[in-house]
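Here are some friendly notes for a first look at this model. Please keep the sequence and the 3D view open while you read.

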Amino acid sequence: PHRISFPSPKLGALATLDHSMWFHGPFDADDWLLYDMHAPFAGSGRALCFGHLYRPDTGQLVASCAQQGVLRLAKPTLKNKAALFAMRGAGLLD
């Protein structure tokens with residue numbers, strides 16, 4: 001929604017404003033889990049995301065999470081422009 005790939009010198013601050021996690025059932029944290037995430041809102045420098053973690057063997061929902069974050073653009077500087085030019089030349093940007 002911000003039309004900026006990650007990582008990018010155009011990004012300034014990225015931070016979590018708040019986050020929560022709820023556990024619903026037993027699982028082994030050393031095993032793979034399916035993480036399903038959706039963001040019902042992303043705009044004006046903020047995003048709200050919800051996620052669900054499922055066991056791969058049973059499909060059981062074992063945890064849910066929510067997170068709100070903030071994104072701020074970097075102030076234009078000569079250093080940022082040079083980094084953007086280098087990343088584009090290396091094929092790291094779209």
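The numbered points below go from the overall layout to single residues.

1. A word on conventions first. This is a predicted model, in which local features need pLDDT of at least 70 and side-chain atom pairs count only at pLDDT 80 or more, while totals for chains, interfaces and linings use all residues. Residues are numbered from 1 along each chain as its sequence is written, and side-chain values use heavy atoms, with hydrogens and water left out.

2. Start with the layout. Helices here are DSSP runs of H or I with at least four residues, and strands are runs of E with at least two, numbered from the N terminus.

3. Next, the surface. The protein exposes about 7100 Å², and carbon and sulfur atoms supply 60% of that area; accessible areas come from the Shrake-Rupley method with a 1.4 Å probe, and for residues only the protein chains shown count as cover. Of the 94 residues, 20% count as buried. Buried means under 20% relative accessible area, exposed means over 50%, and partly exposed lies in between (1.4 Å probe, protein chains only).

4. Among contacts between residues at least 6 apart in sequence, 57% join residues at least 24 apart, where contact means heavy atoms within 4.5 Å. Arg-88 lies in helix α1 (residues 78-89) and is partly exposed, at 49% relative accessible area.

5. Now look at β2 and β3. These strands run antiparallel and are joined by eight bridges; two strands pair if DSSP finds at least two bridges between them. Within this pairing, His-38 stands opposite Phe-50 in β3.

6. Which residue takes a positive phi in the hairpin of β2 and β3? Ser-44 does, with a value near 55°, and the hairpin has two residues between its strands. Ser-44 sits in the loop between β2 (34-43) and β3 (46-54), and is exposed at 76% relative accessible area. Ser-44 is a residue other than glycine.

7. Do visit the nonpolar surface patch. Met-21, Phe-23 and Phe-27 form it, with about 310 Å² of accessible area together. Patches are made of residues with over 30% relative accessible area and no salt bridge, where like charges are joined within 9 Å and nonpolar side chains (Val, Leu, Ile, Met, Phe, Trp, Tyr) within 5 Å. Met-21 belongs to strand β1 (residues 11-23) and is partly exposed at 46%. Phe-23 is exposed at 56%, whereas Phe-27 is partly exposed at 30%.

8. The ring count comes to one aromatic pair. The rings of Phe-23 and Phe-27 have centres 6.3 Å apart and planes at 15°, so they are stacked. Rings of Phe, Tyr and Trp (its six-membered ring) pair if their centres lie within 6.5 Å; planes under 30 degrees apart count as stacked, over 60 as edge-to-face and the rest as tilted.

9. Last, the charges. Side chains of opposite charge can pair when their charged atoms come close. The count is one salt bridge, meaning a side-chain nitrogen of Lys or Arg within 4 Å of a carboxyl oxygen of Asp or Glu. Arg-55 forms a salt bridge with Asp-57, the closest N and O atoms being 2.7 Å apart. Arg-55 is partly exposed at 22%, and Asp-57 is exposed at 56%.
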